[in-house]
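Could you open the coordinates and follow the points below alongside them?

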Amino acid sequence: MSQHDVRRQIVGRGIPLHGHDIDTDRIMPARYLKSVTFEGLEHHIFKDDRQQAPDHPFNQPHYRGATILVVGRNFGSGSSREHAPEGLRRWGIQGIVGESFAEIFFGNCTALGLPCLAVSADDAAWLREAVARQPGQEMLLHVEDRSVRVGERTLQAHIPDYARHQLLTGTWNTMGVLLEAGDDIERLAKSLPYVTGH
Amino acid sequence: MATTLLDKVWDAHTVRTLPSGQTQLFFGLHLIHEVTSPQAFQMLREAGLRVRFPDRTVATIDHIVPTASQVRPFRDALAEEMTAHLVRNCKEFGIPLFDLDSGRQGIVHVIGPELGLSQPGMTIACGDSHTSTHGALGALAFGIGTSQVRDVLATQCLAMTKPKLRQIRVEGTLARGVYAKDVILTVIQQLGVKGGVGYAYEYAGTAVEAMTMEERLTICNMSIEGGARVGYVNPDTTTFAYLRGRPLAPKGEAFDRAVAWWTSMSTEAGATFDDLFRLDAEAIEPVVTWGINPGQSVGVGQRIPDPSDAPQAERPAWAEALAFMSFQPGRPIAGTPIDVAFIGSCTNARLSDLRAAAEVARGRKVANGVRALVVPGSQAVAKAAEDEGLHEVFLEAGFEWRKAGCSLCLGMNEDKLTGREICASSSNRNFKGRQGSPTGRTLLMSPAMVAAAAVAGEVTDIRRMLR
């Protein structure tokens with residue numbers, strides 16, 4: 001189950017999203033979870049927000065082709081639906097930078113090889129403004145260096161060691177590494193009183 | 001050194017340290033449902049793998065089931081397809097399924113505890129963020145995504161980072177008309193919707209110790225709304241009494257041995273925490289949300305807040321929430337008219353919740369123009385409620401009495417808001433569009449408060465209606 005690719009850095013244009021605590025119900029409304037596959041989720045990203053706000057960034061042609069989502073605080077809160085990061089990924093997002101991320105969402109993104117880098121509140125606000133001002137400019141999420149570069153500026157970014165390791169070694173699909181434990185899994189199970197029947 | 005339940009359960013389930021620095025953690029129970037599992041089964045098939053521990057995996061169907069009629073095939077073709085897939089996957093991989101004809105079907109977080117599947121000292125995973133619910137039994141229960149569902153199916157393990165631990169001590173006695181729901185909404189209001197990110201919450205203190213298991217389930221259920229993926233209560237005599245005699249709990253002498261082990265897994269006196277938060281139970285009043293996340297709430301006697309009073313960083317969020325809700329700052333939250341009343345969800349659809357709501361509904365009528373529904377959390381809850389005549393109380397008052405499922409909590413089945421409707425809801429999320437209408441509005445509150453709102457046609461202080 002090893003990946004052939006790694007995620008050392010993501011280069012591309014940004015798309016800024018204003019607001020905090022944007023939950024996964026808003027990223028991917030529940031009605032689009034009624035499927036046994038993840039096919040086509042890219043068409044439903046922020047569906048309701050986009051309908052209510054015609055100037056939503058995901059409606060604007062000049063952000064088409066953007067690969068880096070720039071967000072605020074506690075992005076991806078709420079439901080554990082992996083349909084949210086799957087939809088973003090299929091839309092074309094390859095990395096996210098923001099002030100902070102909800103925990104399950106962060107893990108789901110990492111599991112898909114989608115790096116989420118955190119920067120300070122001031123830097124996150126500045127980034128959103130900078131991208132909105134100059135949508136065409138290229139930015140760089142540097143997973144290895146833990147930094148974000150836009151124009152002349154380099155911002156310090158945070159990513160937990162484990163996520164950085166998985167992204168740099170192409171091991172974000174954790175099933176492979178978990179399988180490597182082999183019989184140790186059964187041995188651990190047998191050490192638990194509730195597994196052996198108390 | 002005195003250790004915590006988090007430490008002990010974590011250590012007992014640690015298989016090894018992974019190259020990433022994370023822990024390979026074994027999961028004693030994997031609960032699955034129709035929404036977040038089909039893609040995981042497909043990935044398993046593509047990898048040519050079997051389910052590693054089918055006997056430690058349990059399935060039910062809850063999110064997409066209709067609650068008016070559950071006769072199959074469902075009218076909704078997509079719901080029918082998802083159900084058929086779950087049935088087929090469980091059959092192919094040898095996983096027990098509590099299906100609609102089992103008498104044991106229900107919301108996954110209701111049936112786990114009530115069947116005695118969820119037990120102290122366990123690690124539990126489920127592809128649903130409200131898995132934190134099961135922590136009420138003294139388990140470490142994690143909500144997970146679909147890639148992780150795949151991992152657990154294939155290995156019964158996850159790559160996990162151990163959370164920090166915050167103890168939340170609620171001391172004192174709750175006033176009449178104040179429920180577990182009000183306690184957890186107050187915790188989230190005070191610590192914020194992201195205050196718990198990176199933490200597990202250990203709930204303690206005299207108010208928590210005095211709570212029934214069903215009340216503790218409500219508290220732990222909404223840990224994730226405060227950002228904490230895991231919430232738990234140390235197992236005690238209340239826990240053991242709750243588990244005794246449950247269909248899938250240990251029996252006879254095995255039960256006594258289990259109690260000894262469960263007791264040994266509790267946090268020890270003198271243990272230290274990464275953080276401590278204290279809450280005075282007496283100061284808590286019935287809570288109602290006014291915004292678009294579960295932290296945006298006030299006491300029912302208070303006014304809708306003004307964004308200019310918010311901390312600087314919160315002002316735009318408050319303004320956005322008020323604009324979405326079309327609420328005027330400064331107006332009392334009581335008196336807000338409602339269109340729909342929903343009693344249900346993994347937060348508040350257990351027997352004690354229905355009793356509290358029925359106590360309010362008894363001898364009263366749902367206000368004109370209000371659509372009110374009661375959706376029991378499981379088939380077992382429905383039966384117990386019917387055995388004591390609660391369904392008749394609700395039906396006489398003008399509530400609909402439905403079949404078990406997630407229902408109006410999340411807009412994935414036939415139960416949905418329409419247009420700008422305002423719903424008084426005993427569920428857990430007031431996010432924009434959460435209840436199935438993109439512009440629908442949700443006011444979270446306790447089941448008794450929902451019943452009071454249904455009867456009055458507007459948000460009402462339950463304390464004035466209790467006999």
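**Notes on the model**

1. The crossing of H12(B) and H14(B) is left-handed, a term used when the near helix is turned anticlockwise from the far one by less than a right angle, with clockwise giving right-handed. Helices (H or I, at least four residues) and strands (E, at least two) are DSSP runs numbered from the N terminus.

2. Before going further, a word on the source: this is a predicted model, in which local features need pLDDT of at least 70, side-chain atom pairs count only at pLDDT 80 or more, and totals for chains, interfaces and linings use all residues. Residues are numbered from 1 along each chain as its sequence is written, while chains are lettered from A and ligands numbered from 1 in the order in which they are written.

3. Back to the helix pair. The axes of H12(B) (residues 351-361) and H14(B) (residues 390-397) come within 9 Å and cross at roughly 40°; axes are lines fitted to C-alpha atoms, for helices over the stretch in contact, and angles run from 0 to 180 degrees between N-to-C directions. That makes H12(B) oblique to H14(B), given that angles under 35 degrees count as roughly parallel, over 145 as roughly antiparallel, 65 to 115 as roughly perpendicular and the rest as oblique.

4. Which residues meet there? From H12(B) they are B:Leu354, B:Arg355, B:Ala358 and B:Ala361, and from H14(B) they are B:Leu390, B:Val393, B:Phe394 and B:Ala397. This contact divides into 7 nonpolar residues, no polar and 1 charged. Here Ala, Val, Leu, Ile, Met, Phe, Trp, Tyr, Cys and Pro count as nonpolar, Asp, Glu, Lys and Arg as charged, and the others, Gly among them, as polar.

5. H15(B) (residues 447-456) is mostly covered, with 10 of its 10 residues buried. A residue is buried if 20 or more other C-beta atoms, placed from the backbone, lie within 10 Å of its own, exposed if 12 or fewer, and partly exposed in between. The cover over the buried residues of H15(B) includes E15, H12, strand E16 (371-374) and E18 of chain B. Just after H15(B), B:Gly457 takes a positive phi of about 80°.

6. E18(B) (residues 422-425) sends B:Ile422 and B:Ala424 one way and B:Cys423 and B:Ser425 the other, and all are buried. E18(B) runs parallel to E15(B) (residues 340-343), joined by 3 bridges, and 4 bridges join E18(B) to E19(B) (residues 441-444), also parallel; strands pair if DSSP finds at least two bridges between them. B:Cys423 stands opposite B:Val340, and its bridge partner in E19(B) is B:Thr442.

7. Elsewhere in chain B, 4 strands form an open sheet in the order E11-E10-E9-E12, with parallel pairing. E11 (230-233) and E12 (275-280) stand at the edges with a single partner strand each, so one side of each is left without a neighbour in the sheet. Neighbouring strands are turned by 20° against each other on average, direction ignored.

8. Finally, the interface: 65 residues of chain B are in contact with 56 residues of chain A, where contact puts C-beta atoms, placed from the backbone, within 7 Å. H5(B) gives the largest share of chain B's side, 7 residues. That side divides into 28 nonpolar, 25 polar and 12 charged residues.

Technical notes: Contact = placed C-beta atoms within 7 Å.
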